[in-house]
Amino acid sequence: MSGPGEAAGAIVSETDAGRLAEQRRIANRLKRARGQLGAVIEAVESGADCRTVVTRLAAVSSALDRAGFAIISSALRECLADEQEATGGAPAERGAASKPDVEELERLFLSLA
């Protein structure tokens, strides 16, 4: 028979697994950006035309931006989860003065980019 501590441990394990999965996704994005940057350097060193270099550089910039957004999004989720734990679980009912949920925070942040 499982006790109350075991149930809480399972929730923590799921949360930790989610965080690790998010970290892996972010690391993979950054590794792709690193590979794309290598292609830019190679193109410059080989004397590739301007269009090729700029196109590859734009891909690097986009990959880094997406990794940055993912990092911020992950941090926002963690902050909201920590806040919910501190206040006893469920988020407050949505009203005029309520805080935005994670998806809304992501949309707002991306609208500024």
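**Charge pairing and fold**

Mentor: Arg 25 forms a salt bridge with Glu 22, and their closest N and O atoms are 2.8 Å apart; the term stands for a side-chain nitrogen of Lys or Arg within 4 Å of a carboxyl oxygen of Asp or Glu. This is a predicted model, in which local features need pLDDT of at least 70 and side-chain atom pairs count only at pLDDT 80 or more, while totals for chains, interfaces and linings use all residues. Residues are numbered from 1 along each chain as its sequence is written, and side-chain values use heavy atoms, with hydrogens and water left out.

Trainee: How many salt bridges does the structure hold?
Mentor: The structure holds one salt bridge.

Trainee: And where do Arg 25 and Glu 22 lie?
Mentor: Both are in helix α1, three residues apart, which is about one turn of the helix; helices here are DSSP runs of H or I with at least four residues, strands are runs of E with at least two, and numbering starts from the N terminus.

Trainee: Is Glu 22 buried or exposed?
Mentor: Glu 22 counts as buried because its relative accessibility is 13%, whereas Arg 25 is partly exposed, at 46%. Buried means under 20% relative accessible area, exposed means over 50%, and partly exposed is in between, with a 1.4 Å probe and protein chains only.

Trainee: What is Ser 74 in contact with, leaving aside its neighbours within four places in sequence?
Mentor: Ser 74 is in contact with Glu 22 and Ile 26, where contact means heavy atoms within 4.5 Å. Ser 74 belongs to helix α2, residues 50-86, and is buried because its relative accessible area is 14%.

Trainee: Switching topic, which residues make the nonpolar surface patch?
Mentor: Leu 30, Leu 64 and Ile 71 make a patch of about 250 Å². Patch residues have over 30% relative accessible area and no salt bridge, with like charges joined within 9 Å and nonpolar side chains (Val, Leu, Ile, Met, Phe, Trp, Tyr) within 5 Å. Leu 30 is found in helix α1, residues 4-45, and counts as partly exposed because its relative accessibility is 37%.

Trainee: What about the chain as a whole, and what pattern does it follow?
Mentor: The chain has three helices and zero strands, following the pattern α-α-α along the sequence. Of its 113 residues, 13% count as buried, and among contacts between residues at least 6 apart in sequence, 60% join residues at least 24 apart.

Terms used:
Areas by Shrake-Rupley, 256 points an atom, 1.4 Å probe, with all protein chains shown as cover.
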